[in-house]
Amino acid sequence: MNIKSPEQILEYWFGSSREEWDRKSEAPNDAMDDLHVALWWGKRPGGRLPLDAAVVEGMDKEIATLFSETIHAGEEGFLTQGDTPWTEAKEPEGALALLILNGYMHKRIFRNHRQKVLENDEIAVKLASTIVAIGADTDKEYDYTVYERKFIYLALANSGDKEEADLGLAKLKELLEEIGIEGITNSVACLKTHIKNLELAWGRFGTNPYRKALKEEACTAEENEFINENPWL
């Protein structure tokens, strides 16, 4: 099997290795930010207009080609058997890579398999909850950068559970304060919009309608209208 390492997962997702881009002290350059806007948010450069469906499909196919065997190995439990770099919260890079693999890459490959997406999302949420509960997200020993922590908190914020969502949203807003105005890139602007939409949804409906739709639960006409006006990738 062609199983990728945690470093390869992170290098693909962030567009470079930590050596090439010091995510701890630098914002991404414009070209890298355009990549992030496309890969993370499904938007064209500038972060306002959606990508063409064919471009999104092409990215999904690339992720499937590169990482589907690694995802399958994770589903079978092979990645975290014994002492490996993937061993969940014990290894910072392994934990983050496992979270991105399950919470973000997986749904790009299995868009039409909702149950599989939900199951792997739960793995990502549990990992994010563990990382935050033990304080690893801000512990210098783990050394997660603001750009990496974003995906830990986003997994929680996207949850259909109010308590998890509230925690994730609160952590994301704290993160935006850390980033500051000088660090506002187009991808960060997309994150701000996403946070606003989640808060609007919870405030208006008392639930996460995106999650309801994913679980094929009946949404109200107003919820469906909200989803259509504010689509997720």
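A nonpolar core is a set of buried Ala, Val, Leu, Ile, Met, Phe, Trp, Tyr and Cys residues joined through side-chain atoms within 4.5 Å.

**View 1. The largest nonpolar core of the predicted model.** With the definition above in mind, the reader can look for the largest nonpolar core, which holds 65 residues. Within this core, W13, F14, L99, I100, M105 and I152 are the residues that touch the most other members.

**View 2. The surroundings of M105.** If residues up to four places away in sequence are left aside, M105 touches I9, Y12, W13, I63, F67, I71 and I100. Two of these partners, W13 and I100, are themselves listed with M105 among the core residues that touch the most other members.

**View 3. The helices of the protein chain.** The protein chain contains ten helices and zero strands, and its pattern, read along the sequence, is α-α-α-α-α-α-α-α-α-α. The radius of gyration is 17 Å, close to the 17 Å that the globule rule gives for 233 residues, so the protein chain is as compact as a globular protein of that length. Among contacts between residues at least 6 apart in sequence, 59% join residues at least 24 apart.

**View 4. Burial, surface and charge in the protein chain.** Of the 233 residues in the protein chain, 48% are buried, while the accessible surface comes to about 11800 Å², with 48% of that area belonging to carbon and sulfur atoms.

Note on methods: Residues numbered from 1 in each chain as written. Predicted model: local features only at pLDDT ≥ 70, side-chain atom pairs only at ≥ 80, totals over all residues. Heavy atoms only, no water. Helix = DSSP H or I, 4+ residues; strand = E, 2+ residues; numbered from the N terminus. Rg over C-alpha atoms; globule rule 2.2 N^0.38 Å. Buried < 20%, exposed > 50% of the residue type's maximum accessible area, 1.4 Å probe, protein only. Contact = heavy atoms within 4.5 Å. Areas by Shrake-Rupley, 256 points an atom, 1.4 Å probe, with all protein chains shown as cover. Lys, Arg positive; Asp, Glu negative; His and termini not counted. Charge placed at Lys NZ, Arg CZ, Asp CG, Glu CD.
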